[in-house]
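Please look through the sequence and the model below, and then follow the explanation from one part of the chain to the next.

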Amino acid sequence: MAYGLTYGVDLLPRHPVDAARDGALRRVPLIIGTNSHEASMFAWTKPPMLPTTRASVEAYLERVAPGAKKRVGAYPQLSAQQGTRRVRLRRDVRGPAWAFADAYSGRAPTHVYRFDHVGFSLRMLGLGATHGSEIVHIQHSYASYLGRKMHPLGRRLQPAVGRRMQRAWLDFAAQGWGTGERRKAWAGLY
């Protein structure tokens with residue numbers, strides 16, 4: 001992608017996965033996750049950082065992973081663009097999140113989620129649970145510009161998923177999750 005993690009500087013001297021694996025990070029409980037349709041908003045807006053035409057898809061694959069064309073072909077029901085988005089979702093979003101969670105989990109309690117909730121607006125646009133769509137629910141920012149676009153009625157009728165998420169995340173921040181009721185609530189949240 002055009003933008004990415006920069007490490008090897010004072011602020012972030014090591015790659016986060018390596019630092020987590022070695023225990024060089026603070027050991028605090030962690031929630032980390034992705035959304036079911038992370039790349040959909042980027043593909044919809046067609047930014048230059050995401051290949052969306054057949055030619056740009058093929059150039060991208062040739063540049064970063066010549067063998068990936070065969071893996072994209074593993075999704076025969078998808079167009080070349082959709083297959084590339086699926087591969088990039090795994091490589092650029094889910095893969096790093098899972099790698100970090102795996103490395104960090106050896107040092108501190110780590111909880112991984114996949115957010116699937118799709119509100120009316122996102123469903124009508126065919127975007128699904130796109131990148132960052134869970135943040136509106138967690139922060140109850142339904143009155144923000146993005147919140148109004150994603151959930152037009154959110155200021156008057158807050159989706160139940162937002163209330164449940166906020167309560168679960170606040171409980172986690174205040175008390176952590178061991179076993180018992182809080183853990184059961186998290187498992188049944190979505």
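In which loop does His 140 lie? In this predicted model, His 140 is part of the loop between helix 7 (133-139) and helix 8. The phi angle of His 140 is near 50°, which is a positive value in a residue other than glycine. Because its relative accessibility is 21%, His 140 counts as partly exposed, given that a residue is called buried under 20%.

Helix 8 itself covers residues 145-150, and Arg 148 is found in this helix. With a relative accessibility of 36%, Arg 148 therefore counts as partly exposed. Together with Lys 149, Arg 155 and Arg 156, Arg 148 forms a positive surface patch.

The protein chain has 190 residues, of which 37% are buried.

The strands deserve a separate look. Strand 1 (residues 30-35) and strand 2 run parallel and are joined by 6 bridges; for Ile 31, the bridge partner in strand 2 is His 111. Strand 2, which spans residues 110-115, has two faces, and His 111 belongs to the covered one along with Tyr 113 and Phe 115, whereas Thr 110, Val 112 and Arg 114 make up the uncovered face.

Note on methods. Residues numbered from 1 in each chain as written. Predicted model: local features only at pLDDT ≥ 70, side-chain atom pairs only at ≥ 80, totals over all residues. Heavy atoms only, no water. Buried < 20%, exposed > 50% of the residue type's maximum accessible area, 1.4 Å probe, protein only. Helix = DSSP H or I, 4+ residues; strand = E, 2+ residues; numbered from the N terminus. Pairing = 2+ DSSP bridges. Patch = residues over 30% accessible without salt bridge, like charges linked within 9 Å, V, L, I, M, F, W, Y side chains within 5 Å. Areas by Shrake-Rupley, 256 points an atom, 1.4 Å probe, with all protein chains shown as cover. Salt bridge = Lys/Arg side-chain N within 4 Å of Asp/Glu carboxyl O. Lys, Arg positive; Asp, Glu negative; His and termini not counted. Charge placed at Lys NZ, Arg CZ, Asp CG, Glu CD.
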